Amino acid sequence: MYPVKIIIEGNYWDIQLYRGRLYLWDVNGTLSIYQWNELIDSLNPTNNSAFAYSFIDGNALYDNKFSPLLHDQNFIDFFENSFNAINSDIIISEEQLNKFLISKQNNPFSELPIDSDIYYNQLFAALDSGLYYINVHKNTKKYKADTKSKKLWDNPIISLKISYNGRTALSAGDEGLFEYRKQNTKYTEILYDNLEISDRNFYRISNQHSLFSDWNFSSIYNSSDIDNSFLAIYNTNKMTSDLYNETNPSSSYLGDENYEYYSFKNIIKFERIINDSIIFNLENNQFDNKLSWGNGDKIYKATDTGIDVVHFKQYNVKNLLNKDLLDLTDEEKIISDLHHIDFHPWKGKIIAGNVANFGTIVECENALVVLFDSRINNYDSITIQGPITKWRIYPRSLNYKNQLHVVLSDKIEIYSFNNDYFQDQNSKKLGIKYTHFNYHKNS
Amino acid sequence: MPIIGEQYPVDNNIRYYISPVHRTNQNSDKSLWSITTANELNCFINTYNNQWIINDKGWGIIINSEGKISILGYTPSNENSQIARFQGAMNNTHWHGYPWDRKKIKDKPSEQILDIWISKGYIDKSCKAKIRRCQLCTL
């Protein structure tokens, strides 16, 4: 099943989609904000449910309620036919788009963002001059986002990614990989005492080159095409309330006053770094100049003949506390199931990659390639011709995890992939395994 | 032909130094010029005349006869480099330069300079984005 596509005409720099609002920066820095759901509804006058799921609620079909239907061949055929029947040549002109404009303002940052991410109504931007943020999703009359940004750090950054629980990984080229300290919550505490502090609230995880990074659960995968990529492993220790003396005696469950409520807290702590040469069993642990990247339960590495993929098991990290990596049994391993997927030719050298639920995205010098599991073939792919200015996925979003946004020379292409609902999440190779807890709330 | 290790006048009190550090491979962490010293000097003169300079940092490119941006050196990672990075000293009266190594985040061209190059048609929006992200990009 191929993706559904919407095209927005115009000369843009970047895009974000968050809580029903579309944020677009044009090349001059003007930030325009649009009502996304209303825009999609305007393109769907016949109320085609597949179209609505494609662009408004990409999470819905993952719901357990649909599980019996997703094993019913009649339903699968119906839904696949519905998605395939959607007209994929939908083009939105600037005039059409402006009908849904709710805010237009000058760039709140001093530069065009190099990268950005949104968490709990705050948009964080990576700039040459450092890390900044603005409040978004405002309901003030004129501007729906702050008009002036606030500075958090003055180290230049080239990529940032925020995890499902608000932790921020920052890639700073030859300066290394950093984490921006997140405030502890009732349920999560992060220990930074074994990391080098760079600045207040900023901790250096490694001084190895960092081009970009992303989250494998509590751990961070750092990608570089100049040095070894690596996995920065964090251990999550779940502590129940009898261990940290927090109880909630006033709570009751279903009116049972005798019910004892045990809360828990996740204690997260950095453990160690493992280079990709070890993850992918390369000879002599050498750096081979091939990019690797990770997200969720998957880590990928580009090869001359395709890509290699391994599964990462965050729940087995605790086994590393008592054993060396090579001494772990098959059940204890944190990295397993190495597979190779043939794909050629790549459209130039591979310069970036990431993983969504629907598949893995590979950025080559001249094009973007999306590889995804297929019920019919072993896998399938689409190629999006460049030049590519920016592309974005939303793997931790509540509503948009099935979307890929691509900023091109004179348009934005918005792809909705709807193949993943029908895949066996445990056995699929291309794409993050869907679980119910790997998303940003309210996004 | 300008001599390695010598300084050459560019303007009233502006001088350019042909640094030996980026001409020999004694330092494995330094980028190296692949163009002649004359072309290196001319590249800086072009940067200076166009004022592709922000404070004490400058950046330059060489447009060949076919209108394409030339390779002017290579990085310690053996990648081709098409952007020169110039550094000013002594109140920006003395300059030297080297091929930009995209590994070095603080050396990358500023957004202002990239916008000038876009306005002149030397690079496009996609290249600007890749340069700012320190990604590999053939100009």
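**Figure 1. A salt bridge between B:Arg132 and A:Glu111.** In this predicted model, the closest N and O atoms of B:Arg132 and A:Glu111 are 2.7 Å apart. B:Arg132 sits in helix H3 of chain B, while A:Glu111 belongs to the loop between strand S6 (101–105) and strand S7 (115–119) of chain A, so the pair joins two chains. Both partners are tucked away: B:Arg132 is buried, and A:Glu111 is buried too. B:Arg132 also forms a salt bridge with A:Asp128, and here the closest N and O atoms are 3.7 Å apart.

**Figure 2. The interface of chain B and chain A.** Here we step back to look at how the two chains meet. On the chain B side, 21 residues are in contact with 34 residues of chain A. Together the two chains bury about 2,300 Å², with 52% of that area on carbon and sulfur atoms. You will find seven salt bridges between chain B and chain A, and 17 residue pairs in polar contact, both residues being at pLDDT 80 or more. Helix H3 (residues 125–132) of chain B gives the most to the side of chain B that touches chain A, contributing six residues. That side of chain B is made up of 13 charged, four polar and four nonpolar residues.

**Figure 3. A salt bridge within chain B, and a network that draws on both chains.** B:Asp107 pairs with B:Arg85 in a salt bridge whose closest N and O atoms are 3.2 Å apart. B:Asp107 lies in the loop between strand S9 (94–99) and helix H2 (111–119) of chain B, and B:Arg85 lies in strand S8 (residues 84–89) of chain B, so the pair ties together parts that are 22 residues apart in sequence. B:Asp107 and B:Arg85 are both buried. Elsewhere in the view, salt bridges that share partners link A:Glu111, A:Asp128, B:Lys108, B:Glu111, B:Asp115, B:Lys128 and B:Arg132 into one network.

**Figure 4. A salt bridge within chain A, from A:Lys323 to A:Glu332.** The closest N and O atoms of A:Lys323 and A:Glu332 are 2.8 Å apart. A:Lys323 has a relative accessibility of 31%, so this residue counts as partly exposed.

**Figure 5. The largest nonpolar core, with residues from chain A and chain B.** This core has 66 residues, and those with the most contacts inside it are A:Leu170, A:Trp293, A:Trp346, A:Leu404, A:Val406 and B:Trp117. Strand S27 (residues 367–373) of chain A gives the most to the core, with five residues. If you zoom in on A:Val406, you can pick out its neighbours: leaving aside residues up to four places away in sequence, A:Val406 touches A:Leu368, A:Ile384, A:Ile388, A:Lys390, A:Trp391, A:Lys411, A:Ile412, A:Glu413 and A:Tyr415. Apart from this core lies another one, of 39 residues, including A:Tyr12, A:Tyr34, A:Trp36 and A:Ile86.

Figure 6. With a relative accessible area of 0%, A:Ser224 is buried. Its side chain reaches two backbone nitrogens: that of A:Ile226 at 3.0 Å and that of A:Asp227 at 2.9 Å. A:Ser224 also touches A:His209, A:Leu211, A:Ser229 and A:Leu291, again not counting residues up to four places away in sequence.

Notes. Residues numbered from 1 in each chain as written. Chains lettered and ligands numbered in written order. Predicted model: local features only at pLDDT ≥ 70, side-chain atom pairs only at ≥ 80, totals over all residues. Heavy atoms only, no water. Contact = heavy atoms within 4.5 Å. Buried area = accessible area lost by both parts, 1.4 Å probe. Salt bridge = Lys/Arg side-chain N within 4 Å of Asp/Glu carboxyl O. Polar contact = N/O pair within 3.5 Å; in protein donor to acceptor, adjacent residues only side chain to side chain. Helix = DSSP H or I, 4+ residues; strand = E, 2+ residues; numbered from the N terminus. Nonpolar A, V, L, I, M, F, W, Y, C, P; charged D, E, K, R; others polar. Core = buried A, V, L, I, M, F, W, Y, C linked by side-chain atoms within 4.5 Å. Buried < 20%, exposed > 50% of the residue type's maximum accessible area, 1.4 Å probe, protein only.
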